[in-house]
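Good morning. Please look at the sequence and the structure on the screen, and I will take you through a few places in turn.

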Amino acid sequence: MEWFKKALISFALIILLGGLGQQSAAAKDLKVTIHPDPSNGQMKSIETSRQKPTKAKNQGLSEDYHGHKSNRPETNNPKKKKAPSANNRFIPIQLLGINDLHGQLNVTRNVNGKPAGRVDYLATYLKEREAENKNTLLVQDGDMVGASPPVSALLQDEPTIEILNKLGFDIGTVGNHEFDEGLTELLRLINGGTHPKTGKFAGSNFPWIVANVINEKTGKTILPPYQVIKVNGMPIGFIGVVTTETPTLVVPSGVEGLKFTDEVEAINQNVTELKKQGVKAIVVLAHNPGTSGPNGENPTGQLVDIANRVDDEVDIIFGGHNHAYMNAMIDNKLVVQSYSYGTAFSDVDIEIDPKTKDIVSKSAEIVTTFQEGIKPDPEIKRMIEGYEAKVEPIVNRVVGSTANSLTAKQNENGESVLGDFIADAQRKAMNTDFAFMNPGGIRADIDPGDITWGEVYTVQPFNNDLVKMTMTGQQIRALLNQQWGPTKTNMLQISGLSYNWDPNKSIGQRVVSIKLPDGTEIDPNKSYSVTANIFLSGGGDGFTVFTQAQNKEVGPVDLDALVNFISAQPKPFTYQIQNRIQSAQ
Ligand SMILES: [Zn+2]
């Protein structure tokens with residue numbers, strides 16, 4: 001893909017040119033205004049201020065964002081209650097699991113008003129738990145990489161793999177995001193190999209498994225479907241699966257030549273195989289969504305269906321993908337998920353009867369990695385600092401310069417300069433008639449002067465893919481009318497069209513006239529090409545009309561589109577509000 005090549009070339013250049021850091025640490029105070037507007041429910045923000053580029057100490061965001069659950073039912077970490085074994089010939093085994101880390105190595109988040117996360121803190125938690133039981137396995141449930149912050153993303157997510165190696169992970173599966181850069185890159189991260197950006201990489205030192213992704217050329221799974229690990233002489237069979245929705249979540253090139261087959265069929269097929277080998281303790285690592293109440297009540301999501309339909313020899317299912325809490329017993333299978341971003345982990349305690357080799361008891365605790373009173377693991381902390389130093393030149397790279405400030409503050413009609421600019425960038429990147437951007441996804445203003453890559457990152461930190469789609473004029477009108485609800489207004493930022501709205505009309509009918517750039521009215525029956533990010537494309541913020549759009553195609557992430565758009569402007573450039581939205585008030 002064009003954008004990817006461009007990004008690759010620009011990063012290769014930076015690495016070739018080496019110490020670009022100095023020139024980019026220009027004397028601009030990068031105080032940015034972070035918008036407190038969480039009106040779309042996509043995220044909630046807390047105060048944060050940017051470090052000056054010369055320091056670049058806090059490359060991680062300290063605010064909540066997309067997919068992070070900041071309010072959680074559990075308020076503290078009750079010390080794990082050790083259930084006394086009913087029978088002391090049973091062998092106690094502990095499984096510690098994480099899902100959806102997304103390379104958030106250095107990112108602190110707010111959980112119930114307190115800091116949580118960062119992998120050096122997670123490391124301390126995991127080591128403490130490991131010390132409680134010598135029979136401990138560490139498992140990961142996918143989306144370890146992809147949609148990650150600069151500290152990991154700029155180094156091809158190798159830092160994340162190296163840290164998982166160092167923590168001693170024993171087994172893992174792939175999530176949809178492991179396919180973001182295609183199978184070759186996924187296999188390179190696992191098996192090792194060379195990348196033009198980072199050079200030689202040793203790879204992952206623990207096995208990755210997936211039973212439902214078939215290479216169409218060979219007819220075989222891309223990774224081993226299962227792995228048996230012996231703990232204290234007890235064989236435990238692990239089977240990996242990833243959501244079959246993966247092809248709709250990844251750029252087409254990322255899943256080219258791959259077939260994603262039914263999770264339940266794949267699991268059952270491998271359970272049969274494991275049973276033949278006499279393996280009775282079976283754990284499924286499923287990158288599939290699900291959630292439950294704090295005590296396992298009201299379980300919902302794909303995991304419920306999977307648990308109900310898989311062979312009863314399956315004992316435990318680790319889930320992921322929707323960054324939620326789950327700790328439920330479904331059809332006598334224990335199903336768990338521990339939020340995301342290293343802000344929590346699952347601690348599953350099992351007992352195996354050495355006679356039958358089967359699991360006879362199982363229970364789980366989902367533990368939030370609050371930082372309070374915890375010392376970050378010094379070795380992992382040093383590793384993080386090393387990666388941060390490496391990416392500093394890129395984070396501080398000047399990508400453009402603006403003569404005026406680009407603010408996301410909306411005028412009385414609902415339009416902002418930065419909103420216009422970002423919508424233009426996205427429309428350009430996807431070459432479509434229109435683009436729509438949710439205002440809650442614009443996280444900071446751009447101040448006048450030099451613009452660094454890191455500054456653009458704070459504006460668009462979500463690494464949301466852009467999606468190209470087809471919509472009719474009638475659907476566009478319905479979409480715009482969804483901006484006004486009974487309790488809140490959420491004004492999309494737009495490019496490629498303009499419209500009038502009437503505040504005196506009732507909700508659902510406020511949009512009056514929609515015009516194309518040539519001044520003609522939009523044709524309700526005609527099809528137009530549209531760009532929106534993957535969050536909106538899925539109906540996010542209540543913009544459900546997007547889910548009716550056709551011919552969806554995934555493109556570059558929003559951040560790359562914006563960086564490229566800025567780089568293509570004159571230096572410095574000026575950009576004013578475009579007055580695309582007018583109201584009759
Ligand atoms: Zn996922």
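A salt bridge, as I use the term, is a side-chain nitrogen of Lys or Arg within 4 Å of a carboxyl oxygen of Asp or Glu. Before the examples, some housekeeping. This is a predicted model, in which local features need pLDDT of at least 70 and side-chain atom pairs count only at pLDDT 80 or more, while totals for chains, interfaces and linings use all residues. Residues are numbered from 1 along each chain as its sequence is written, and side-chain values use heavy atoms, with hydrogens and water left out.

Now the overall picture. The chain has 15 helices and 29 strands; these are DSSP runs numbered from the N terminus, with helices being H or I of at least four residues and strands being E of at least two. Of its 585 residues, 58% count as buried. Buried means under 20% relative accessible area, exposed means over 50%, and partly exposed is in between, using a 1.4 Å probe and protein chains only. Among contacts in the chain with a separation of 6 or more, 77% are between residues 24 or more positions apart, where a contact means heavy atoms within 4.5 Å.

Back to salt bridges. The structure holds 19 of them. One joins the side chains of arginine 129 and glutamate 365, at 3.0 Å from N to O. Arginine 129 lies in helix 3 (residues 119-132) and glutamate 365 in strand 19, so this pair ties together parts that are 236 residues apart in sequence. Arginine 129 is buried, with a relative accessible area of 6%, and glutamate 365 is buried at 15%. Arg129 and Glu365 also belong, with Asp347, to a network of salt bridges.

A second example is aspartate 420 with arginine 580, whose side chains meet at 3.6 Å, N to O. Here too distant parts of the chain are linked: aspartate 420 is in helix 11 (residues 417-430), and arginine 580 is in the loop between helix 15 and strand 29, 160 residues apart. Aspartate 420 is buried at 1% relative accessibility, and arginine 580 is buried at 11%.

Aspartate 331 counts as partly exposed at 36% relative accessibility, whereas lysine 333 counts as buried at 0%.

Next, the metal. Which residues coordinate the zinc ion? They are Asp143 through OD, Asn176 through OD1, His287 through NE2 and His321 through ND1, at 2.1 to 2.2 Å. Donors here are N, O and S atoms within 2.8 Å of the metal (3.2 Å for Na, K and Ca), and since water is not among the atoms, sites may look incomplete. The 4 donor atoms subtend angles of 92 to 161 degrees, and therefore the arrangement is irregular. For the cut-offs, four donors count as tetrahedral if all angles lie between 85 and 135 degrees; four count as square planar and six as octahedral if opposite donors are over 155 degrees apart and all others between 65 and 115; anything else is irregular. Both aspartate 143 and asparagine 176 are buried.

Glutamate 178 is found in the loop between strand 5 (171-173) and helix 6 (182-191). The glutamate 178 side chain does reach the backbone nitrogen of aspartate 143 at 2.8 Å and that of glycine 175 at 2.6 Å.

Last, some backbone details. Most residues other than glycine have a negative phi, and most peptide bonds are trans. Asparagine 232, which is not a glycine, has a positive phi of about 50 degrees. Asparagine 232 sits in the loop between strand 11 (226-231) and strand 12 (234-242). Lysine 357 also has a positive phi, near 65 degrees, and is placed in the loop between strand 18 (344-353) and strand 19 (358-368). Finally, a cis peptide bond joins lysine 571 and proline 572, with omega about -5 degrees. Proline 572 is in the loop between helix 15 (558-567) and strand 29 (581-583).

Definitions and conventions:
Polar contact = N/O pair within 3.5 Å; in protein donor to acceptor, adjacent residues only side chain to side chain.
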